[in-house]
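I opened the model to look up a few things and kept notes as I went. The entries follow.

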Amino acid sequence: RGARAMKANWSTVVVGWGGGVVLVPYRPRYVERYHLWMQSPALLAQTGSERLSLEEEHVNCQSWREDEKKLTFIVLARALCDASYPESAMVGDVNVFFNEDGAEVEVMIAEESHRRKGLGREAVELVVAYAREVRAVSRFYAKIGADNTASLRLFERLGFERVGFSEAFREAELELRRPPRPLEASLALYEAPDRVRIVAHDSDITVEDATYRLHLVYHGSKAATVWVGLEPRLGASLALAAPALFEHAAPAVTAVLGHGHGMSVAQRLAKKTGRMVLLAWAGVEDDLLGREDALGRDSLPLAIERALAARLLPRGFLPACLAGAGGLEE
């Protein structure tokens, strides 16, 4: 069970639906820039860290990979990120330390130009939700220096409450007192597998008072099939039936059903993600027409489009199996 910490996320990328951050494993390629950050006296003081040599940072990176009690991600700005997960997109890191008392959470947005943009908040929400997926953790807490008012405010806005104070270390202890949010993210693979991966994932979209089933089937890194309103647990069957030629197709708009709404949605999703997108409604169009007077004709398609835009990984990102998802290889 212990090995399901840092080792579990060594190949996992967390792409938040909030659109601000991408969390990637702390690989050696990120050590040099991280080391530059940690030459700052201000960051050393705020994080309670010691200055290390570059060689020591590389040793530290390796130890994090092997330590079953540590979980760490480098925080990338999604606006600067592509499927190569470049060092130039690095803005900070977020960590979880597992122990008998629960899980201690830390976050650092090192790049000043990316502070006060909600990236730290999204990173903490994602890592707490992810930690609950890989370890059955019931208690999350943070220890923050008394002078670090920005971090104190950040964690308090996330639902952490002050439960103690250490005079010796001049730091407050805060505990998460409200249920963590579910993992609102798509998971991708850090490195390409030998074969094309087909991954199917089911989720729900709620619009006004109605809930629609969304079946998202990835065909490797270049294409995706989206079905809205079909019966549950059909995603794996769709993956088996879908044409493998999707993987070799250029980004383009494809088929579309449902009063012409699907065409516009698929066009915009294809343009936004660079993927070939096949989009079809099933049972949605009747509901759309029945609710047209109350919602307006475009309300439902736009709501579905927003949900899909948040969930759909860009071209080049290779999907990993999510909880409740089916994965296949061709």
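I looked up the hairpin: E11 and E12 form it with 3 residues between them, and glycine 220 in the turn has a positive phi of about 65°. Strands (E, at least two residues) are DSSP runs, numbered from the N terminus. This is a predicted model, where local features need pLDDT of at least 70, side-chain atom pairs count only at pLDDT 80 or more, and totals for chains, interfaces and linings use all residues. Residues are numbered from 1 along each chain as its sequence is written, and side-chain values use heavy atoms, with hydrogens and water left out.

I checked the pairing next. E11 and E12 run antiparallel and are joined by 6 bridges; two strands pair if DSSP finds at least two bridges between them. Valine 217 stands opposite threonine 225 in E12.

How enclosed is strand E12? Of its 6 residues (223-228), 5 are buried, so E12 is largely enclosed by the rest of the structure. Buried means under 20% relative accessible area, with a 1.4 Å probe and protein chains only.

Last, I looked for disulfides (cysteine sulfur atoms within 2.5 Å). The count by this rule is 0. Cysteine 61 counts as buried at 2% relative accessibility, and cysteine 81 counts as buried at 15%.

Definitions and conventions. Buried < 20%, exposed > 50% of the residue type's maximum accessible area, 1.4 Å probe, protein only. Helix = DSSP H or I, 4+ residues; strand = E, 2+ residues; numbered from the N terminus.
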